[in-house]
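Subject: Structure for you to look at

Hello,

I am passing on the structure we talked about. Please open it and keep it in view while you read the notes below.

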Number of protein chains: 2
Amino acid sequence: MSGFRSLSTVDEALKRLLEAIKDHKLSVEEVSLENSVDRICGEDLLAPVDIPPFNRSAVDGYAVRYIDVLSASPSNPIELKIVGVSEADYDLGTLPKVNPGEAVEIYTGAPIPFGADSVIMAEFCKRDGDKLWVSKPVAYMQNISVKGEDFKTGDLVVAKGVKLKPWHVGALASLGIVSVTVYRKPVVLIASTGLELKQLGSEDHSGKIYDSTRPMLKALLKNINCTVLDFGILPDEPTYTMKTISKHLESVDLVIITGGTSLGLRDATPEALNMLEGSKLIFHGVRMRPGKPTGAYLVKDRIIFMLSGFPVAAFIGFKVFVEPAIYALTGSKPDPQPTVKAYVTRRLAKPTGVKAYIRVRVYRSQNRFYAEPLRLTGSGILSTLTRGNGILVLEEEVEGLEEGEEVEVLLTQPFEEVE
Amino acid sequence: MSGFRSLSTVDEALKRLLEAIKDHKLSVEEVSLENSVDRICGEDLLAPVDIPPFNRSAVDGYAVRYIDVLSASPSNPIELKIVGVSEADYDLGTLPKVNPGEAVEIYTGAPIPFGADSVIMAEFCKRDGDKLWVSKPVAYMQNISVKGEDFKTGDLVVAKGVKLKPWHVGALASLGIVSVTVYRKPVVLIASTGLELKQLGSEDHSGKIYDSTRPMLKALLKNINCTVLDFGILPDEPTYTMKTISKHLESVDLVIITGGTSLGLRDATPEALNMLEGSKLIFHGVRMRPGKPTGAYLVKDRIIFMLSGFPVAAFIGFKVFVEPAIYALTGSKPDPQPTVKAYVTRRLAKPTGVKAYIRVRVYRSQNRFYAEPLRLTGSGILSTLTRGNGILVLEEEVEGLEEGEEVEVLLTQPFEEVE
C-alpha cells in the first residue's frame, strides 16, 4: 500500500490524453437539418447557390430609379407612373421594366425589375390608380438585397467540427439544404464501483449510500449529446470489471468507471485496467484538488477514464479531462464559458503545486461582483455545487488569495443581486 | 400607409410584456430524476434525510483514536490492535468498538465505530494479522464525513424556478429522490407568413426563397426545452391567420408569427391579430436595430409574438422578448451568458435613440480580445451570424464607438486565436 508513484500536473495529463487519441475520430452520419441542432458538423458545408438568388426587395414598396426622386419631399412629391407589379412568386422571365418616370409596385422578397435601382418604402408614397406620389428621396440600391450578398456559391457556410447552432440551421435552410453530415454521437459506457453504493430506488436498508455520481455524470454526458450505456454498480471484483469493459469496448468510444481509483485497501479499478489486454496507462494521479485520483488508460484507441467516486471530484475530473477528450473525437470546441471578474470575500490558502477548483457563491452588489468561497470543500460535498454558482480555478503556483483580490470565476448558474 | 404610431424602447416593451403575463404560470408535472436535467424545478425540494446519513469514512484505512497516534512517524510507528472491520454494507447495530490502543479496519463510506474519532489512510499503515503500525499522526475527525454535513434534513436543495443541472441531479440522487416536480414544457405554436417564402424541401421554381427563419426559431425553442407546434407557411390572408391562432390558442402557451409585421403593402399580421377576439396590443414597433417591427399581443393570458420575417431580426427579437417571456412562465432565469471585454477594431456610428445589436467577430491576439464589427448589417443577412461569433449591444444613448474602445461582447460561439 503506497501513494501514487508520480503525480502529473493537469496540463501534462491532458496533453498525454489528447496525444493518445489524436488519430481517433468518430464516424459521420446524415441527419435532417431539423434534427441537426447541437450536433457537430462532419464536413465543410459550402453554399450550393447564391443567397439572395437574385437582386430582391427588402421591403414592400415601389421599385424606382433613384435619380427620378432625388428632389422628392412631403411638400414637393414626385409623380411617377406605375407600370406593373413584381411579386415574390413571379416568374423571373416576365418582370415589367422601369423606364424614366416609371415605378413598379414591389413586395418583400420580389425580384428588382430591370431599369430600377432602388426601392422606396410604401409608407413614403401615396397612390391613386396607376399614379404614385413619392415624398422622400431614396439612395442608390436602397432596400435592395443584392444577389449573393449573404452567401456566394462555394462560400464556406459551416466548417467541419463546428457545433451547429440555431443560426447555422437558419443559414443552411436559406440555402435549401435539407440534411447535413454530422459526427455520430459518442457512445460512452459508464459504471460505478464501490461496496458502499446502492442504486437509486433501492430498498437496501444497510449502511449503503445512494450512488449519486453516476446519475450526475449521465446528465453531464447527455448535455453534450452522448449516448450512454449504463452498466450500473459493478461488483467489487477486478476480473468482473475487466471482463465487462473488454466485452463492450469495441462498441463504445469511451469508458468511465467511477470509484475505486485511489490506492486504498480495495481500490480495484487500476487492477482491473492493468489486466485488460493491451491496456496502456496514460496517467493516474493528478496534482489537482479535488480529483487527485483521476486517471486514464488507453486500450486500442479507446480511453478508459477512472473518476473519483466522490461526486464533486468526479465532476471536476469530467470537466477537466472527459469533456476535452469527447470534443477531440470530433475536432470540436466547447461552447464559450460564462465568466465574471469578482472580488474574493475572504482570504484563501492553498498548497502550491496543486491546481485547485474552488466552489464559490457569486453575487452582485452595487454593480460589483463578489465571490464567496464555500466553507465545505470535501470532495464528496455535493452541496458546494448546489449552493454555489461558480468555480474559481487557482493555478499550481498560486499560494492563496487575499481578501478583496480580483479573480475570474466560471459561472455555473445565474448569480444573485444582493443589496 | 404610414409608419408605426409610436415606437417603444426595448425596456418599455419588455416591461409591458412581462407585466401582461405576470399571473400566467405553467402547470407542473412529475418526471423521473433521470429525465429532469435542464427542466425547471416546479417546487422547493427539501432534503428528506441527512447526508451523510451517519459519520462515515471518506477513505479506506483504519478508524483510530487520534490521541493514540499523536507521536507516530516513519521512524517511530505506533502499534495498535485491530479489533474488527467496518464495511459500507454493515448493519449499523453490530459495529465493533474502538478502545485505547485499538483500531478498526474501515472502508470508504463505512460507518465510524464508536470510540474512534478519525481515520488514518491505509497508505500510512503496515499490517500483520491483527497488528497495525501507524507511521503518521492524524487530526481529530480527519477523513470523517460528518452526518448531515452535506445536507441536513429540511435543507433547501433546489429552489422552485431553478433549472436542474447535472449536479442537482447528483444531489437529489444522493438523497434517494427518484422523481421531481418540474414545470411542463411550454407549448409554442409557430407559423410563417409571406408570399415570398417556400417550405424547405419544396420544388417550387418561381422566385420564392426558402423559409429560413422558422427552422432557426424552432431550433432556438428546442434549445430551451419548448414543445413546438409548427403550422408552416400560412397563406397571406389575415382571416386565415386569425382563425388558425384562435382555434389553437387554448392548447398552447405562446404563439410566434414571423413576417408581415412591418407596415408595408401587405403586412397582414397586425390586421389578423386585431381581429382576434379579446386581443390587446402590448407593443408593436421597437427602437431597436434589427427587429424594429417586433410586436406582441395578449389574448386571454397568451402572448402572440410578431417577429420579423428576416432571420437576424427574428433572432434578436427572439432573444430580447420571446426568451424572457418563456422564462417568466416558470419564474426561472436564463443560464449565465458568456461575455468578453474586447477592443473594437474600427469606428462605428449609430443613430441615437435606437438600441443596436451588432454582429461581430471576436478573436484573441497576444492575450487581448478584439471585436470586428461585420460589414453586412442588413437584417436578412444570416451570414453575419454564421461568420461572426459575438453580439455587441449598444444602448439607445450611444452615438457610436471609436476604434480601440473597449466593449463587452456576448459570445455566441468559440473565438479564434490569431497571431
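Predicted model: local features only at pLDDT ≥ 70, side-chain atom pairs only at ≥ 80, totals over all residues.

Domains of chain A

The assignment for chain A gives domain 1 (10–27 + 185–328), domain 2 (30–51 + 160–183), domain 3 (56–145) and domain 4 (339–417). Domain 1 and domain 2 of chain A are each written as two stretches of sequence.

Domain 1 and domain 4 of chain A

Between the C-alpha centres of domain 1 of chain A and domain 4 of chain A there are 27 Å. In the contact, domain 1 of chain A takes part with 13 residues and domain 4 of chain A with 12 residues. On the domain 1 side, β19 (288–289) and α6 (311–328) of chain A are the elements that give two or more residues. The largest share of that side is from α6(A), with 5 residues. By type, the domain 1 side has 9 nonpolar, 2 polar and 2 charged residues.

Chain A and chain B

The contact between the chains involves 84 residues from chain B and 84 residues from chain A. On the chain B side, at least two residues each come from β11 (156–158), α2 (166–174), β15 (209–210), α3 (213–223), α6 (311–328) and α7 (383–387) of chain B. Here α2(B) supplies the largest share, 8 residues. The side of chain B that touches chain A is made up of 45 nonpolar, 24 polar and 15 charged residues.

Regards

Notes:
Residues numbered from 1 in each chain as written. Chains lettered and ligands numbered in written order. Domains from an automatic or database assignment. Contact = placed C-beta atoms within 7 Å. Helix = DSSP H or I, 4+ residues; strand = E, 2+ residues; numbered from the N terminus. Nonpolar A, V, L, I, M, F, W, Y, C, P; charged D, E, K, R; others polar.
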